[in-house]
Amino acid sequence: MNDEYLTERLLLTPLTPDDLEDVHRVYGDERTWRHLPSGRHLDRGISMATIERSSKSRREHGFGMNAVRLREPVGDLAPGTFAGVAGASMMAFGAWNLSYRFAPDAWGHGLAVEAARRSLAAAIEGAPAAPVTARVLANNPASIRVLERLGLELAWRGASSAEPTHDGDTTHLERLVFSDRALDEPVLDAVIALG
Ligand SMILES: CC(C)(COP(=O)(O)OP(=O)(O)OC[C@H]1O[C@@H](n2cnc3c(N)ncnc32)[C@H](O)[C@@H]1OP(=O)(O)O)[C@@H](O)C(=O)NCCC(=O)NCCS
């Protein structure tokens, strides 16, 4: 099993409890949850649970979520900087959930596409028979663009179960499911049911 994954500018390493402060800094930052404010990690316990779920996916299915650090300077950011998290977790019904969340000061340099592309390949290596899926809210064009850049296809578009935000914005109430292959109906239904 790989302990790390290299891309041109990035080093991805499986999340461990040592990454807690970095993970919490990104997942606790309201700017990374503008599209789904209720998801923000308000305490470290929630971030630790994310790390533990990732470790379980990695132990049982060969891949999980990863700390993404720079191997070279990018913009104002120095080598070694923690840029964010990217990877995939295996869901109970046998499909990968690809996801990523980056620190706002690392946005706009193509790092999410680079890390997500490596993650997609590693998920397929880990469990080739499992489809790679991703869920995204319709009001998150940057994330949708990342999925399109990876070549994932839109598998479903419909109503989200997310709560309206306090400012009355309802655009996030629509969501999209992407996949790397055609999904059997029970798998698609299970992804949709995640909300
Ligand atoms: C989604 C996210 C990871 C993208 O990070 P990033 O480092 O800016 O992404 P990249 O630079 O790799 O590329 C993003 C693509 O989206 C485009 N993009 C960025 N912001 C955009 C916007 N507001 N509208 C449309 N496209 C946008 C970029 O131009 C780029 O496309 P291109 O390569 O065709 O030019 C980052 O915005 C983030 O962490 N958001 C909060 C967490 C999140 O939404 N995670 C996904 C949940 S489903």
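**Sheet edge and ligand shell**

Analyst: Strands S7 and S8 (residues 174-179) pair in the antiparallel sense over 6 bridges. Strands are DSSP runs of E, at least two residues, and helices are runs of H or I, at least four, numbered from the N terminus. Two strands pair if DSSP finds at least two bridges between them. This is a predicted model, where local features need pLDDT of at least 70, side-chain atom pairs count only at pLDDT 80 or more, and totals for chains, interfaces and linings use all residues. Residues are numbered from 1 along each chain as its sequence is written, and side-chain values use heavy atoms, leaving out hydrogens and water.

User: Which residue in S8 stands opposite Trp156?

Analyst: Look at the pairing of S7 with S8, which is antiparallel. Opposite Trp156 stands a residue of S8, Val177.

User: Which strands stand at the edges of the sheet?

Analyst: The open sheet has 8 strands in the order S1-S2-S3-S4-S5-S6-S8-S7, with mixed pairing. Each edge strand has a single partner strand, so one side of each is left without a neighbour in the sheet; they are S1 (5-6) and S7 (153-159).

User: Which polar side-chain atom lies 2.7 Å from an oxygen atom of the ligand?

Analyst: A polar contact is a pair of N or O atoms within 3.5 Å. A backbone atom of Gly108 is 2.9 Å from a ligand oxygen. The side-chain atom at 2.7 Å belongs to Asn140.

Terms used
Polar contact = N/O pair within 3.5 Å; in protein donor to acceptor, adjacent residues only side chain to side chain.
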